[in-house]
Amino acid sequence: MKNKSRLFQYFCGFSAVCLTLLVSSPLALLAFYDSKSVVPVAGASVYQDSPSPKTMYTLPDTIADAYYMNENPENPPLSVKPVYDVFTVQERQTKGLSLELPKVSPYYASKVVCLTFDDGPDPENTPVVLDILKSHGIKATFFVVGTQIEKHPDVLRRVYQEGHAIGNHSYNHVYRELYQSANTYVSQLRRTDDIIKKVIGVRPRISRAPGGSAGSFTKEYWETLSKLGYVEVGWNVSSGDASNAKAGRIFNNIVTQMDNKNLWSHTIVLMHDGSGHGETVRALPDIIKYYKDRQFEFRVINLETPPAW
Ligand SMILES: [Zn+2]
């Protein structure tokens, strides 16, 4: 009798330990990831009976068709898709996570084009650009400005949800403030990261310097960007839509530059969807047709995009 009751005590003690372990391990995991929601990798089946930590992701509430950087070792960068980071620079530093980017090979093919739009989101032009892209079934990349996102967060949300790539294009686009130093430049990027993350739950790793890096960046800028894991994205075809060019002129500007067939393997076209760029929007269907007629592959900017030059 005495033996039986001791056995029972052991059994109870053992069960309590097991129960504690069972309850605490997922809790510890949740605490580490500091998550709003923990869901499995997109495309994988929802929780199996015993979810392994490796299949758990911290993703925003609204998940777009994209590649999310979240430290999961079984999360190789996916080609074709836009890239987002679940963590800001600050969060990575606080958690002791790497700011380095995954190493991937640059993607070249015989005919590749990335359409890019700067200075939005704009309540007039961006939705029309999105409609045109959708009607052609293609994705593009939008380099967005912090002050514009604050005014039009819904437009940014739509860009994200429709599977386009989003890049950081500074907080206020004011050159004399932005380019005081590498630190002021990066602090605008980080401020805009936070604003983007508030709207879509994640932040980009790609950025584009307003006016282009040439003439504005010193070695220190490049070093700071690389240390913090930002990818600066240039262009090799300019639509010339920054002035008051009409749609026909914008189209011709692009076509003329495509005479350089060295660019066909990795064309990056600079356009603007900010306020006052209605002519770009008018030119867009012809621009898309030009590339479609020549069987170009439309891609978004991601970690596989080669340098423009
Ligand atoms: Zn710009």
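α3 passes α5 in a left-handed crossing (the near helix is turned anticlockwise from the far one by less than a right angle). This is a predicted model, where local features need pLDDT of at least 70, side-chain atom pairs count only at pLDDT 80 or more, and totals for chains, interfaces and linings use all residues. Residue numbers start from 1 along each chain as its sequence is written.

Helix α3 and helix α5 pack at about 15 degrees, their axes 10 Å apart. That makes α3 roughly parallel to α5 (angles under 35 degrees). T126, P127 and L130 of α3 meet V155, R158 and V159 of α5 (contact means C-beta atoms, placed from the backbone, within 7 Å). By class, this contact of α3 with α5 has four nonpolar, one polar and one charged residues.

| Element | Residues |
|---|---|
| α9 | 247–257 |
| β11 | 237–238 |
| β12 | 267–272 |
| α10 | 278–293 |

I250, F251 and I254 of α9 are buried (20 or more other C-beta atoms within 10 Å of a residue's own; exposed is 12 or fewer). Seen down the axis of α9, its buried residues fall within an arc of 95 degrees, so they line one face of the helix. They pack against β11, β12 and α10. The face turned away from the buried side of α9 carries exposed G248 and T256.

N260 sits in the loop between α9 and β12. N260 counts as exposed because it has 11 C-beta neighbours inside 10 Å. The C-alpha atoms of N260 and V237 are separated by 9.8 Å, and the two residues are 23 residues apart along the chain.

Methods: Axes fitted to C-alpha atoms, helices over the stretch in contact; angles between N-to-C directions. Helix = DSSP H or I, 4+ residues; strand = E, 2+ residues; numbered from the N terminus. Parallel < 35°, antiparallel > 145°, perpendicular 65-115°, else oblique. Contact = placed C-beta atoms within 7 Å. Nonpolar A, V, L, I, M, F, W, Y, C, P; charged D, E, K, R; others polar. Arc of directions from axis to C-beta.
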